[in-house]
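Me: I would like to learn how to read strand pairing and nonpolar cores in a model. Where do we begin?

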Amino acid sequence: MLSVTLTKRFPGFTLDVSWEADDRIVALFGPSGAGKSLTLGCLAGLVRPDAGRVVVNGRTFDDVAGGVHLPPQARRLGYVFQGYALFPHLTVAENVAFGLRDRPRAERRRRAGEVLERLGLGEVAGRRPRELSGGQQQRVALGRALAPDPEVLLLDEPLSALDAPLRRQLRDELGRLIREWGRTVVLVTHDLAEAYQLGERLVVYDAGRVVQAAPKAELLLRPASEAVARLIGMRNIVRGTVVKASPDRIEMVWRGRTVEAVNSPGHPYLAPAGTPVAFFVRPEYARLLRKDRAAPDPAHRMNFLTGSIVGEIDQGTAWTLLFRLDGPGEPSQGAYDLEIEIPKLVYEILDVGRDRQWSVTMHRGALQVLPSG
Amino acid sequence: MDLFPLRLSLQVAVTATALTLLVGLPIAWLLARRRFPGRDLVAALVVFPLVLPPTVLGYYLLVVIGSRGLGALGLELAFTWRAAVLAAALGSIALLIKAAQAGFETVDPRLEQAARTLGRSEWSIFWVVTLPLAWRSVLAGTVLAFCRALGEFGITLMVAGSIPGRTQTLPLAIYDHVQANQMAEANLLALLSIGLVVLLLLGVSRLARLRF
């Protein structure tokens, strides 16, 4: 259980955040310079907040009003720094044993050996950090942080120093490790895939503020605002006008057509007719309609659009098609209205390369309204 | 040939260097790592011994340790070899502080932060992280300070005098020999001084290269 309220002012930047999490693994996600690492520094006690309260698993780390500021030494947390900050003058084994100084020598040896073994570092125990690969360095940093058996693990961009192929593999390893570890983890990353795969709850940062905090599935399904949708890289964010909003449906006019979306269960958006509204369409949820099949039954209330493909991008295993709706008016996204993503196999079966005129259906669940901003 | 001045100079320089390390390292660390009120003043005071005339430094040191200063408290320092130690330390401490400060500043502060999150005290962090990573700069500063202490003349003359067999260090002995027109003796002691410093610098640079 984490409860974090922090204010920290610098010339030209203010961190002002408040979030809570019951989940075990929390990912702070957002662009560089949004205040994620600063938050981690405050959690660790390395940065003293100007105001606020930090309570972790029932222990008050900071309470500025109450004059509480626990020094980092007393917080019992493991911190994996961005770039790892390994001690260059110490061996791998000495790095891992660094936080065990208050234990008897035999116990220190045993614990360091156990951690090295578990992380597969036994063979490089006598080497210095600079003689290791990036992946090994990352494991040493993890081992050093975990050896003293902390109650909380803080990870600052744990994978950003690695090359792409290795990164993917280590992301899986790291995910397994922190799930097995079983205690509270706070992870900072600017990579959504990383945040999504490793975190259980996502806290989205932007310019020193939290713009949304939610379980990860909810965040992707229902970003709270257009700003969040853009931060998490949602594509096809377009604007229309409300025609009719009910608690479970919302009907909008977009590019002269009426489209229908599912309203957010829990907190539906009930704006009066004529209100401008932003929404996004999931590119992988739009379907090209096979021409040898009948048009969908109107009773299914599918959104049905006709247009042409004006551009395409080969993504390797999938194609992104740039789709422009028929009819007058400026397309919503420059030269096109929608990005549609289809698997390569579908592209070949439908012969999309030659045939450019298509009808597209989108279930209303593929359209997501973005209430504010 | 009386080698007392050589012996005394070595004794004074070794003691002064130890004193310099004891006082200088904490100051260097503070200047490199802490922001505190009066920091700029301390930083300026530190270079005073480099820029003020030795006689001025010697005069004030004499005031402090003389018959109206520490002398009045029963601490007889003036015109003893201990006064020469203070003089040598005062003349050389700036070199150590500046070198050590620069060394400490090159240590990535995140390493010290990492050590903090791993439960180490500030004291322990200094000995286990900061100093081992800055040891080359500290060693270089120590050697410079030692050589400077070995050659200290002006302040020493003011506070310890040049009493043969008691406070006459190597540089003072050379001066006296020249004054007395004993050029052979002066020449020998001068060559000895050069030899000592050259050996020391060579030895240390060898050592420093050996390690990394």
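Reply: We begin with one bridge: Ser308(A) has Gln357(A) in E20(A) as its partner. This is a predicted model, where local features need pLDDT of at least 70, side-chain atom pairs count only at pLDDT 80 or more, and totals for chains, interfaces and linings use all residues. Residues are numbered from 1 along each chain as its sequence is written, and chains are lettered from A and ligands numbered from 1 in the order in which they are written.

Me: Which strands are joined to E20(A), and by how many bridges?
Reply: Strands (E) are DSSP runs of at least two residues, numbered from the N terminus, and two of them pair if DSSP finds at least two bridges between them. Strand E17 (residues 303–314) of chain A is joined to E20(A) by 6 bridges, antiparallel. E16 (residues 287–288) of chain A also runs antiparallel to E20(A), with 2 bridges; there Arg287(A) stands opposite Thr361(A).

Me: Which side chains of E20(A) are buried?
Reply: In a regular strand the side chains alternate between the two faces of the sheet. Along E20 (residues 357–362) of chain A, Trp358(A), Val360(A) and Met362(A) point to one face and are buried (20 or more other C-beta atoms within 10 Å of the residue's own, C-beta atoms being placed from the backbone).

Me: How many residues has the largest nonpolar core?
Reply: In soluble globular proteins, nonpolar side chains tend to be buried together. A nonpolar core is a set of buried Ala, Val, Leu, Ile, Met, Phe, Trp, Tyr and Cys residues joined through C-beta atoms within 7 Å. The largest has 99 residues, and Val26(A) and Leu187(A) are among those with the most contacts inside it.

Notes
A residue is buried if 20 or more other C-beta atoms lie within 10 Å of its own, exposed if 12 or fewer, and partly exposed in between; C-beta atoms are placed from the backbone. Helices (H or I, at least four residues) and strands (E, at least two) are DSSP runs, numbered from the N terminus.
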